[in-house]
Amino acid sequence: MSIQPITETILRQTIQPRPENSHKGTYGRLTLVGGNAQFGGAIIMATTAGIYSGAGLTTTLTDPVNITALHARMPEAMVTDFHDETTLTELISSANSIVIGPGLGSDEAGLTALRRVFATVQPQQSLTIDGSAIDLVAKHDLPLPNAKLVFTPHEMEWQRLSGITIKDQTPDNNQQAVAKLGGIVVLKKHHTQVYAGQQIFENPGGTPAMATGGMGDTLAGMVGGFTAQFADQLNAVLSAVYIHSQIADDLAHNAYVVLPTQISEEIPWYMKQYSLPQSTKI
Ligand SMILES: NC(=O)C1=CN([C@@H]2O[C@H](COP(=O)(O)OP(=O)(O)OC[C@H]3O[C@@H](n4cnc5c(N)ncnc54)[C@H](O)[C@@H]3O)[C@@H](O)[C@H]2O)[C@@H](O)CC1
Ligand SMILES: Nc1ncnc2c1ncn2[C@@H]1O[C@H](COP(=O)(O)OP(=O)(O)O)[C@@H](O)[C@H]1O
Ligand SMILES: [Mg+2]
């Protein structure tokens, strides 16, 4: 079994210059669901990352206690209550990329929102399942919807979802579990691996300076933003994984710890570099 590195060639193929004749509708509608009363920061960080990644229109469904904080941090986001079934159904239906899980929590409200998303999502939509949503799928053995699924577990979440203990998470074992599950699995760790059908990719970058709460929430938002605007879902996921760590590696040259929100602020500059002809440097 061969594991391929994620290369900059993939990013250059994926992140193209924006056509002049385009508008926010061209770059996708992203809907994020998460953030209970305890974990509001997680959905704020995911939303921030989705917007800095260039999603055309971003809406976040969260616990009402987080609405003011999210608006104050990111006025670009639309925000609404994740308990409201009618609004949730509308905003899931109109999205082309959905992220569920950052800070969602594992109580009844989180489970209800997850079930509603699963009941509404359509086959052509990208659905990224992160954090608490992974734990809820595992705990309640929820049937998965027919959609373009991306799971973003860390090793402990992957253990809960796949049943494979961390020490037994070999490429062979993981690939067999991914085949049963369907979709793309981003197994987050030092040198994150991306499983997609017969293919396994490894992220060459990443640093322990990233080991701080919210780093994965930020990646989930990036995956949402990239899959909202780039048609090839696998390449969009690989590009998000690569840039997330590349930014952290660059910042970690001069910093012991890198904050998730610092990564988000850098995303547009890195995307610009990949969109330019290789000889051009700004
Ligand atoms: N500011 C916030 O609101 C934050 C909210 N968070 C949310 O909190 C919820 C629970 O997520 P957690 O991941 O904290 O809780 P979990 O209990 O799922 O996992 C955390 C534990 O797993 C273990 N672990 C083993 N291998 C690991 C690996 N490779 N990477 C990370 N951990 C590994 C670690 O001991 C760690 O303490 C999620 O919904 C998440 O989005 C976290 O993202 C932290 C920040
Ligand atoms: N030592 C490390 N080397 C490389 N990447 C790391 C390291 N520690 C953490 N990360 C990255 O940080 C992110 C952590 O994700 P996660 O545990 O879900 O964070 P959270 O849920 O707190 O947002 C992942 O992308 C992971 O690959
Ligand atoms: Mg996480």
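Visitor: Which helix gives the largest share of the shell around ligand 2?
Guide: That is α9, with four residues. Keep in mind that this is a predicted model.

Visitor: And which residues come nearest to ligand 2?
Guide: His190, Gly206, Ala211, Met215 and Gly216 come nearest, out of 17 residues around ligand 2.

Visitor: How does that shell split by class?
Guide: Around ligand 2 there are nine polar residues, five nonpolar and three charged.

Visitor: OK, over to ligand 1. Which residues come nearest there?
Guide: The shell around ligand 1 has 18 residues, and those that come nearest are Gly41, Gly131, His154, Met156 and Gly213.

Visitor: Which helices supply at least two residues of that shell?
Guide: Four helices are on that list: α2 (40-52), α6 (131-140), α7 (155-162) and α9 (215-229). Helix α7 gives the most, three residues.

Visitor: What about the classes around ligand 1?
Guide: Here the shell has four charged residues, five nonpolar and nine polar.

Visitor: I'm curious about Thr218. Where is it found?
Guide: Thr218 sits in helix α9, a helix that also supplies at least two residues to the shell around ligand 1.

Visitor: Is Thr218 buried or exposed?
Guide: Thr218 is buried, because it has 30 C-beta neighbours inside 10 Å and the cut-off for buried is 20 or more.

Visitor: Which residues is Thr218 in contact with, leaving aside neighbours within four places in sequence?
Guide: Its contacts are Met45, Ala46, Ala49, His244, Pro260, Ile263 and Ser264.

Visitor: Let me follow up on Ala46. How many residues apart in sequence are Thr218 and Ala46?
Guide: They are 172 residues apart in sequence, yet their C-alpha atoms are 4.7 Å apart in space.

Visitor: New topic, the largest nonpolar core. Which residues touch the most other members?
Guide: Ile100, Val117, Val186, Val237, Ala240 and Val241 do, in a core of 76 residues. Helix α10, residues 233-252, gives the most to this core, with nine residues.

Visitor: Let's pick Val237. What does it touch, not counting residues up to four places away?
Guide: Val237 touches Val150, Ile184, Val186, Val194, Val223, Phe226 and Thr227. Val186 is another of the residues touching the most other core members.

Visitor: Last one: what feature does UniProt place at residues 7-274?
Guide: The record, an unreviewed entry, has "domain: YjeF C-terminal" there.

Visitor: How much of that stretch is helix, and how much strand?
Guide: Over residues 7-274 the chain is 48% helix and 15% strand, with the end C-alpha atoms 12 Å apart.

Methods. Residues are numbered from 1 along each chain as its sequence is written. Chains are lettered from A and ligands numbered from 1 in the order in which they are written. This is a predicted model: local features need pLDDT of at least 70, side-chain atom pairs count only at pLDDT 80 or more; totals for chains, interfaces and linings use all residues. A residue is near a molecule or strand if its C-beta atom, placed from the backbone, lies within 6 Å of it. Ala, Val, Leu, Ile, Met, Phe, Trp, Tyr, Cys and Pro count as nonpolar, Asp, Glu, Lys and Arg as charged, and the others, Gly among them, as polar. A residue is buried if 20 or more other C-beta atoms lie within 10 Å of its own, exposed if 12 or fewer, and partly exposed in between; C-beta atoms are placed from the backbone. Two residues are in contact if their C-beta atoms, placed from the backbone, lie within 7 Å. UniProt positions are given in the numbering used here, feature names are shortened, and annotations may be inferred rather than shown by experiment. A nonpolar core is a set of buried Ala, Val, Leu, Ile, Met, Phe, Trp, Tyr and Cys residues joined through C-beta atoms within 7 Å.
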